[in-house]
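I put down what I looked up, in the order I looked it up.

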Amino acid sequence: MPKLAYTTPGIETADAERVVDLLQDRLFAANDLHLTLKHVHWNVVGPHFIAVHEMIDPQVEVVRGFADDLAERIATLGGSPQGTPGAIVAGRSWNEYSIGRATTQEHLGALDLVYQGVITSYRAGIKELEELDPVTQDMFIAQTEQLELFHWFIRAHLEDKAGQLATAGATTEAEAARAAS
Ligand SMILES: [Fe+2]
């Protein structure tokens, strides 16, 4: 990220630059996630189509709102949010969602992995922001709470009566999709 010419009062410029980097990484993640969730909304098939199709849309809306909040926080700190599709692909540190048309269970299995990745990175950001910027940390905490709730909605479809997840131990989306189906 380019250096900041100014930032909000009371925060060191070097600290603000690191905060902007953390925000930008989560902006890539939120933009990627809401697009991926729409892709799932369009590609699920099978007897539970309507339940999963309709469950996904409110998540899309909330995550789009996260992207807006993250981007505006970057601008508030004197930075320039990167929101174009090419910037997402160039800047993200994870792979493209790998499942096309597939059953609801397969997509939910893969989404379990997606949410694991997104939430783990939010948690790391929260830890780092403890010293850097409690205001941005507060935003990350609020967004993580919502993401963890949505992750539970996904996982509730993958859990058996004993509380075991079908996707336990899966390390790739394809593996999780297979395990869930
Ligand atoms: Fe739709």
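I began with burial: a residue is buried if 20 or more other C-beta atoms lie within 10 Å of its own, exposed if 12 or fewer, and partly exposed in between, with C-beta atoms placed from the backbone. By that count, buried residues make up 35% of the 181 residues in the chain.

I noted the ground rules next. This is a predicted model, in which local features need pLDDT of at least 70, side-chain atom pairs count only at pLDDT 80 or more, and totals for chains, interfaces and linings use all residues. Residues are numbered from 1 along each chain as its sequence is written.

**Overall layout**

I looked up the secondary structure, where helices (H or I, at least four residues) and strands (E, at least two) are DSSP runs numbered from the N terminus. The chain has six helices and two strands. Along the sequence I read the pattern α-β-α-α-β-α-α-α. The radius of gyration of the chain is 17 Å, close to the 16 Å from the globule rule for 181 residues, so the chain is as compact as a globular protein of that length. That radius is taken over C-alpha atoms, and the rule is 2.2 Å times the number of residues to the power 0.38. Along the principal axes, the C-alpha atoms fill a box of roughly 55 × 35 × 25 Å.

**The annotated span**

I found a UniProt annotation, "domain: Ferritin/DPS", from an unreviewed entry, covering residues 21-160. Its positions are given in the numbering used here, feature names are shortened, and annotations may be inferred rather than shown by experiment. I noted that residues 21-160 are 79% helix and 3% strand, and that the end C-alpha atoms of the span lie 40 Å apart.

**Helix pairs**

For packing, axes are lines fitted to C-alpha atoms, for helices over the stretch in contact, and angles run from 0 to 180 degrees between N-to-C directions. Angles under 35 degrees count as roughly parallel, over 145 as roughly antiparallel, 65 to 115 as roughly perpendicular and the rest as oblique.

I took α1 (residues 13-43) and α2 (residues 49-76) to start with; they pack at about 160 degrees with axes 8 Å apart. The two are therefore roughly antiparallel. Their contact has 15 nonpolar, six polar and five charged residues. Here Ala, Val, Leu, Ile, Met, Phe, Trp, Tyr, Cys and Pro count as nonpolar, Asp, Glu, Lys and Arg as charged, and the others, Gly among them, as polar.

Next I checked α1 against α4 (residues 104-132): the angle is about 165 degrees and the axes are 11 Å apart. That makes α1 roughly antiparallel to α4.

The axes of α4 and α5 come within 9 Å and cross at roughly 160 degrees. I recorded α4 as roughly antiparallel to α5 too.

**Single residues**

Is L108 buried or exposed? I found L108 in helix α4, and it counts as buried because it has 28 C-beta neighbours inside 10 Å. The C-alpha atoms of L108 and I154 are 5.9 Å apart, although 46 residues separate them along the chain.

L132 is also in helix α4, but is partly exposed, with 18 other C-beta atoms within 10 Å. I found its C-alpha atom 6.0 Å from that of D15, 117 residues away along the chain.

Q146 sits in helix α5 (residues 134-156). I logged Q146 as partly exposed, with 14 other C-beta atoms within 10 Å. The C-alpha atoms of Q146 and A90 are separated by 27 Å, at 56 residues apart along the chain.
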